Amino acid sequence: MKKREVLELASQTYTDDQLAELEHAMDFATSKHRGQKRLSGEPYIIHPFAVARLLIEWGMDMDSVLAGVLHDCVEDTETTLDEIESLFGRDVSFLVDGVTKVSQARSGMRDLDSYLPQTKDNLSKLLIAVSQDVRVIIIKLADRLHNLQTLQYLPVEKQKKVARESLEVFAQIADRIGMGRVRMQIEELAFSYLDPREFNHLKSLMKKRLGKSTRKLGTVRIEVEKELSKQHIQAEINGRVKSIYSLYKKLRKVNGNIDDIYDLMALRIIVDDKETCYKVLGILHSMYQPMIARIKDYIAVPKPNGYQSLHTTVLTPNEQIVEFQIRTHEMHDYAERGLAASFHYHEQKSKKNYVRKKTAVHLPTELQWITQMQEVAARLRDGEKISKKQLNVDLFGDRIFVFSPKGDIYNMPEGALPLDFAYLVHSDIGKHAYSFRVNGVIHPFDKPLANGDVVEVTTRKLSQPKKDWQDLVTTTHARTKLRMQLRKLGVIQAVSGAAAIIHDKALRKKRG
Ligand code: MN
């Protein structure tokens, strides 16, 4: 990776001032890393340059690109953060510091394991939390991706270790922030090192299969194209092939039979707006027999990482099973680039705003859990004591999304109960909650909500919170509000948290 190549690529996106800054950073990093070599024998500087190149390709803002160029300076050379701040500004040094901290957090993870839940999933969430700014994570992903691309130079033992960590932690992180394409690149590379035999076996299996179905799919595609243009719908149609790693995962689910996998190849239809997505779905269903159970509306109910699309699988007259994915250009961009896509859109407009408010202004609703986590992480850093339980439930639990009847989206931890929802909407709604309807049906207080539920709270002015509600809330937020109300009503004593627990325990014992 030559300096000139990076600058040339950058010149398509950034202003002249920014390009000058980029060149400055590249020269600075080159002199700092002088004499250092990669295991491939090449000068070390090709690595930061390659990372910067990826960040440019992903459409990141210039501060991120600069931090990409400088990301290994503090850790691997004599450079100090102050030096970076005085030359490239506070924002860049903040990002470089974040990248360094995430590396440290990773190596210190063993200690953290002793008091945090130990699954890999939590590890990825934790890394997001300590990084403070999601851009740090995106830089880290570029760093990891390039290391994977040059993994062949490492000893085999080390290759496997890096590959496993990439698959279990970094691919998950990419998925969580919606960066679908990066997730796939990481998975394919990592899997090919982790289990080369299986990887090659599946690759050739896939190749054989695709040869046959590509021609048949071509026919379907032409049919659909004709019908759409007849109905004056502008659409881009292309085929997408399943990745080897997702084939591997799916095969394990269906007991190894590739004939049971319907979406080895899918047709992707990209249109201008949401309404057209549904129109196209209707057209497809009038042309072919849909498999009802496989219709998925991720537009109305996005996946937790923000992914949106309509999916449907149909049976053609000559018995061919074809999956379609229908989405707008924006949804497509988001599916591929995730959070990185939102930086691109907002950067110019609200640069100042961004710096001041950090991530909060930019995250789509589906991703607000990231902000929440970062807030908790910041509180932890400030020395505030947060209970293990709170970390468990609010920070590290999986998230679901439920709707008010008006269509407002609320993000809650999995396992949340109706009262949690009521308190989330407003503490007065919680206070006077009388009954619940979920998707139009009466719903008991003790039954958890599910992703995509529409929750309606019926309130009555005279209805008051009851003591046993304490067993019917799971979030810290609801519990805190409820306790305050119960205390006000004189139902429970104003005692310390620990005393309250002891009191509750004793009470439960007495009750038998
Ligand atoms: Mn690096």
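**A guided tour from Lys 303 to the manganese site**

Select Lys 303 and Tyr 307 to begin: the charged end of Lys 303 sits over the ring of Tyr 307, 5.0 Å from its centre. A charge is taken to sit over a ring if NZ of Lys or CZ of Arg is within 6 Å of the ring centre and within 35 degrees of the ring normal. This is a predicted model, in which local features need pLDDT of at least 70 and side-chain atom pairs count only at pLDDT 80 or more, while totals for chains, interfaces and linings use all residues. Residues are numbered from 1 along each chain as its sequence is written, and side-chain values use heavy atoms, with hydrogens and water left out.

Tyr 298 counts as buried, at 18% relative accessibility, and Tyr 307 is buried with a relative accessible area of 13%. Here buried means under 20% relative accessible area, exposed over 50%, and partly exposed in between (1.4 Å probe, protein chains only).

**Aromatic pairs**

The structure holds eight aromatic pairs. Rings of Phe, Tyr and Trp (its six-membered ring) pair if their centres lie within 6.5 Å; planes under 30 degrees apart count as stacked, over 60 as edge-to-face and the rest as tilted. Select Phe 28 and Phe 88 next: their ring centres are 5.7 Å apart and their planes stand at 70°, so the pair is edge-to-face. Because Phe 28 lies in helix H2 (residues 16-32) and Phe 88 in helix H6, the pair ties together parts that are 60 residues apart in sequence. Helices (H or I, at least four residues) and strands (E, at least two) are DSSP runs, numbered from the N terminus. Phe 28 counts as buried at 10% relative accessibility, and Phe 88 is buried at 6%. Tyr 298 and Tyr 307, already on display, form an edge-to-face pair as well, with 5.9 Å centre to centre and 70° between the planes. To see one aromatic cluster, select Phe 191, Phe 199, Tyr 245 and Tyr 248.

**The manganese site**

Select the manganese ion. Its protein donors are His 47 (NE2), His 71 (NE2), Asp 72 (OD) and Asp 143 (OD), lying 2.2 to 2.4 Å from the ion. Donors are N, O and S atoms within 2.8 Å of the metal (3.2 Å for Na, K and Ca); water is not among the atoms, so sites may look incomplete. Along the sequence, the donor residues follow the spacing H-x23-H-D-x70-D. Two of them link distant parts of the chain: His 71 is in the loop between helix H4 (62-70) and H5, and Asp 143 is in helix H10 (residues 134-149), 72 residues apart. Both His 71 and Asp 143 are buried.

**Thr 77**

Move to Thr 77, in the loop between helix H5 (73-76) and helix H6 (81-88). Thr 77 is buried, with a relative accessible area of 12%. The side chain of Thr 77 reaches the backbone oxygen of Cys 73 at 2.6 Å. Cys 73 is itself buried, at 0% relative accessible area.

**Last stop: His 232**

Finish at His 232, in the loop between helix H13 (196-230) and strand E1 (236-241). His 232 has a positive phi of about 60° although it is not a glycine. At 73% relative accessibility, His 232 counts as exposed.

Note on methods. A polar contact is a pair of N or O atoms within 3.5 Å; within protein, one must be able to donate a hydrogen and the other to accept it, and residues adjacent in sequence count only if both atoms are side-chain atoms.
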